[in-house]
Amino acid sequence: RIRQPERVRGIIRSLREQGVAKLQVISDFDMTLSRFGCNGRRCPTSHNILDTSRVISEDGKKKLKDLLHYYYPIEIDPNRTLEEKRPLMVEWWTKAHDLLVQQKIHKGDIAQIVRESEAMLRDGFKEFFDQLHKNNVPLFIFSAGVGDILEEIIRQANVFYSNVNVVSNYMDFNDDGVLTHFKGPLIHIYNKNNTVLQGTGYFQQLSTRTSIILLGDSMGDLTMADGVPSVENILKIGFLNDKVEERRGKYLDSYDIVLESDETLDVVNGILRYILTE
């Protein structure tokens, strides 16, 4: 769905005219590059993969699930303000991370945990990653998930190329390879902006990349490009995965293109093909 088709056509034309040297892609990971569902079942996020894996005790699983059932409705509630939601999200992520630390997770188990999970990237992911890599277009993945898990998903899919840069919540392990804490700063769904990027200088290094395609699945993803020094053109593509009817209006107000219950990257790939072909 597109609220302003003419405006969107104009942005896509500009992205093509500006050329590949000016383009960068900024994307969320969970439920944006990874699938929301498959055969009528929910696919796991990077947090879910860990929460439901064999390295978590039954008691730990129950507590993590209770947190999800309490906080997720708050996260997607269209009637609450971001100001209301932010402290509650910090609370959720902090409690979840503390629970995970108590489980004494081993670094050496992560690859196997991902292999045994039902993690799936969206259909068309290979073309997406390949096109960007072949054209030297930087892909910045900004995720409130677990960095170690999502990197492993991309690695096992054989698309972790040199142009991919990830900012996420990373685990810190001791000398025995046991999880002791999560490295800061904490990234939750509603602080994906400049505040957690300070000191990384990522966007400063790419100051000539003023054309942006932004991919997200939540209202919190709309600020991911805030750190880019000077944006000339930005195309915001939103995946509306859940509670489609009640959230449609908000998504159409905020994203240029809204993809409803679409488990593919077909639209994104089509736009990239158009921009990247000479």
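A crossing of two helices is called left-handed if the near helix is turned anticlockwise from the far one by less than a right angle. Keep that convention at hand for this tour of a predicted model, which begins with a pair of helices to which the term applies.

**First stop: helix 3 and helix 4**

Select residues 58–75, which form helix 3, together with residues 82–102, which form helix 4, and you will find the two packed at an angle of about 165° with their axes 10 Å apart. Since angles over 145 degrees count as roughly antiparallel, helix 3 and helix 4 are therefore described as roughly antiparallel to each other. Their crossing is left-handed in the sense given above. To see the contact itself, show the side chains of Lys63, Leu64, Leu67, Leu68, Tyr71, Tyr72, Ile74 and Glu75 on helix 3, and then those of Lys85, Leu88, Met89, Glu91, Trp92, Lys95, Ala96, Leu99 and Leu100 on helix 4. Coloured by class, this contact of helix 3 with helix 4 shows 12 nonpolar and five charged residues, with no polar ones.

**Second stop: the two domains**

Now colour the protein chain by domain, with 5–38 and 121–276 as domain 1 and 46–115 as domain 2. The contact draws 30 residues from domain 1 and 26 residues from domain 2. Taken over C-alpha atoms, the centres of domain 1 and domain 2 are separated by 21 Å. If you display the surface between domain 1 and domain 2, the buried area is about 2600 Å², and carbon and sulfur atoms give 70% of it.

Next select helix 10, residues 266–276, with helix 6, residues 125–134; their axes come within 10 Å and cross at roughly 25°. Helix 6 and helix 10 are therefore roughly parallel to each other, and helix 6 passes helix 10 in a left-handed crossing. Here Glu127, Phe128, Gln131 and Leu132 from helix 6 meet Val268, Asn269, Leu272, Arg273 and Leu276 from helix 10. By class, the contact of helix 6 with helix 10 holds five nonpolar, two polar and two charged residues.

The residues of the contact of helix 1 with helix 10 divide into five nonpolar and two charged, with no polar ones.

**Last stop: two backbone details**

Most residues other than glycine have a negative phi, and most peptide bonds are trans. With that in mind, select Asn136 in the loop between helix 6 and strand 4 (139–146); although Asn136 is not a glycine, its phi is positive, at about 55°. Finally, move to Pro185, in the loop between strand 7 (179–182) and helix 8 (202–205). Here a cis peptide bond joins Gly184 and Pro185, with an omega of about -10°.

Technical notes
Residues are numbered from 1 along each chain as its sequence is written. This is a predicted model: local features need pLDDT of at least 70, side-chain atom pairs count only at pLDDT 80 or more; totals for chains, interfaces and linings use all residues. Side-chain values use heavy atoms; hydrogens and water are left out. Axes are lines fitted to C-alpha atoms, for helices over the stretch in contact, and angles run from 0 to 180 degrees between N-to-C directions. Helices (H or I, at least four residues) and strands (E, at least two) are DSSP runs, numbered from the N terminus. Angles under 35 degrees count as roughly parallel, over 145 as roughly antiparallel, 65 to 115 as roughly perpendicular and the rest as oblique. Contact means heavy atoms within 4.5 Å. Ala, Val, Leu, Ile, Met, Phe, Trp, Tyr, Cys and Pro count as nonpolar, Asp, Glu, Lys and Arg as charged, and the others, Gly among them, as polar. Domain bounds come from an automatic or database domain assignment. Buried area is the accessible area (1.4 Å probe) that two parts lose on being put together, summed over both.
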